[in-house]
Amino acid sequence: MALHNDRFLRALARQPVDRTPVWMMRQAGRYLPEYRATRERAGSFMDLCRNAELACEVTLQPVDRFDLDAAILFSDILTIPDAMGLGLYFVPGEGPMFRSPVRDGAAIDRLSAPDAERDLDYVMNAVSTVRRELNGRMPLIGFSGSPWTLATYMVEGGPSKDFRHVKGLLYSDPAALHRLLAILAEAVTDYLNAQIRAGAQAVQIFDTWGGALTTPAYRDFSLAYMQRIVDGLIREHDGRRVPVILFTKNGGQWLEQIAATGCDGVGLDWTTELADARARIGGQAALQGNLDPSALFGAPATIRAEVARILESFGAGSGHVFNLGHGISQFTPPENVTAFIAALHELSPQWHE
Ligand code: CP3
């Protein structure tokens with residue numbers, strides 16, 4: 001089926017575009033009153049994820065409200081560990097938690113990769129429902145957490161500031177952690193391929209906590225497993241390339257290694273300058289980012305100046321997907337997002353003449 005708006009896919013392929021495409025990490029969520037209303041009707045967060053019609057509704061809310069170039073499936077990275085039997089639940093104000101964290105080799109050896117099509121069928125139903133409703137308006141992005149990032153939640157049992165359990169395992173029983181990461185790499189590959197078969201037209205791997213590692217540990221415990229996933233993904237479906245974007249938060253010093261995986265796009269947080277990233281890896285991969293989400297707390301003129309600065313930093317030509325440097329804050333005023341997108345649409349065409 002023809003795509004009415006393929007700017008996002010064209011920019012990832014570094015093909016010419018008329019303006020810089022944009023989407024926002026965590027674009028569906030609590031900063032939108034319409035999300036809060038649907039969430040209220042659904043019950044819990046997981047009830048919302050499991051209901052294909054409602055998950056579709058919240059996926060479309062940001063693309064209906066703002067002039068965005070891609071939709072991202074409404075779901076969560078923690079669906080995989082939930083399907084592995086860890087018992088995901090959310091504590092308001094504290095974030096995601098697991099009833100049964102995996103703290104040692106014995107617990108890891110009881111785990112196996114879920115069968116995505118069977119055990120995560122609700123995610124695939126949401127993907128095909130969104131594709132049907134989008135009806136070619138713009139591409140749909142599927143996603144997963146990286147094995148390392150999933151492992152941090154599975155071993156810690158919830159969010160953590162110092163990662164003492166999972167890094168403790170890394171230094172005390174690295175072989176056990178490698179066994180866990182291998183299972184997760186297999187699970188993520190199967191999960192993303194199932195999303196692609198169900199209709200996801202691009203996929204992003206969120207390595208939110210890769211930046212907590214040393215350089216050699218990042219290579220061995222995070223990047224090596226993302227490499228396995230990139231190697232195992234379906235890269236062409238329905239006659240179109242299915243690009244994969246790797247986003248390691250705080251990964252700016254490892255851009256060359258990330259690009260060398262053969263991914264199509266590299267996500268950048270706000271601590272790396274696009275000009276610098278482009279000089280380093282712009283010949284190998286498209287770049288995605290990197291407005292500081294907190295800039296959306298500024299006045300419209302400030303937001304516009306930040307957008308101008310980022311566009312100028314990337315410079316002329318294709319290969320840039322505009323995004324935030326991390327997920328949008330739940331406290332963001334939606335009208336500031338409108339100002340952000342308007343500034344981008346006003347300022348970006350001149351870089352594509
Ligand atoms: O981008 C999108 O709009 C798609 C949906 C999406 C969600 N989570 C919805 C969500 C995506 C891509 C994610 C990814 C995710 N989930 C990550 C990686 C991205 C990142 O921000 O680094 C991580 C680390 C998680 C784990 C997770 N799930 C957290 C930390 C939270 C917030 C918990 C809290 O109470 O603050 C969630 C829940 C969650 N996932 C919400 C949303 C909209 C909020 C749920 C609610 O309605 O209460």
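Biologist: Let's start with helix α16: against which elements do its buried residues pack?

Modeller: They pack against α15 (300-314) and β11 (320-324), where a contact is two C-beta atoms, placed from the backbone, within 7 Å. Helices (H or I, at least four residues) and strands (E, at least two) are DSSP runs numbered from the N terminus. This is a predicted model, in which local features need pLDDT of at least 70 and side-chain atom pairs pLDDT 80 or more, while totals for chains, interfaces and linings use all residues. Residues are numbered from 1 along each chain as its sequence is written.

Biologist: Which residues of α16 are buried, and what span does the helix reach?

Modeller: Buried means that 20 or more other C-beta atoms lie within 10 Å of a residue's own; 12 or fewer is exposed, and in between is partly exposed. In α16, V337, A339, F340, I341 and L344 are buried. The helix covers residues 334-347, 14 residues in total, and reaches 20 Å from first C-alpha to last, close to the 20 Å expected at 1.5 Å a residue; the expectation is 1.5 Å times one less than the residue count.

Biologist: How do I read the largest nonpolar core, and which residues touch the most other members?

Modeller: In soluble globular proteins, nonpolar side chains tend to be buried together. A core here is a set of buried Ala, Val, Leu, Ile, Met, Phe, Trp, Tyr and Cys residues joined through C-beta atoms within 7 Å. The largest has 117 residues, and L73, I141, A151 and L184 touch the most other members. Helix α11 (residues 174-198) supplies the largest share, 14 residues. Leaving out residues up to four places away in sequence, L73 touches several residues, including V127, L140, I141 and F143.

Biologist: Which residues does UniProt list for "binding site"?

Modeller: The unreviewed entry lists R26, Q27, A28, G29, R30, D76, Y153, T208 and H326, though annotations may be inferred rather than shown by experiment. G29 is in the loop between α1 and α2, and counts as buried because it has 20 C-beta neighbours inside 10 Å. Outside its sequence neighbours up to four places away, G29 touches Y35, I328 and Q330. R26 is found in that loop between α1 and α2 too, but its 19 other C-beta atoms within 10 Å make R26 partly exposed. With the sequence neighbours up to four places away left out, R26 touches G327 and I328.

Biologist: What should I look for in the backbone angles, and which peptide bond is cis?

Modeller: Look at omega and phi. A cis peptide bond joins G289 and N290, with omega about -10°, and N290 sits in strand β10 (residues 286-291). R14 has a positive phi of about 55° although it is not a glycine. R14 lies in the loop between α1 (7-12) and α2 (33-42). D238, also not a glycine, has a positive phi of about 55°, and D238 is in the loop between β6 (236-237) and β7 (240-241).
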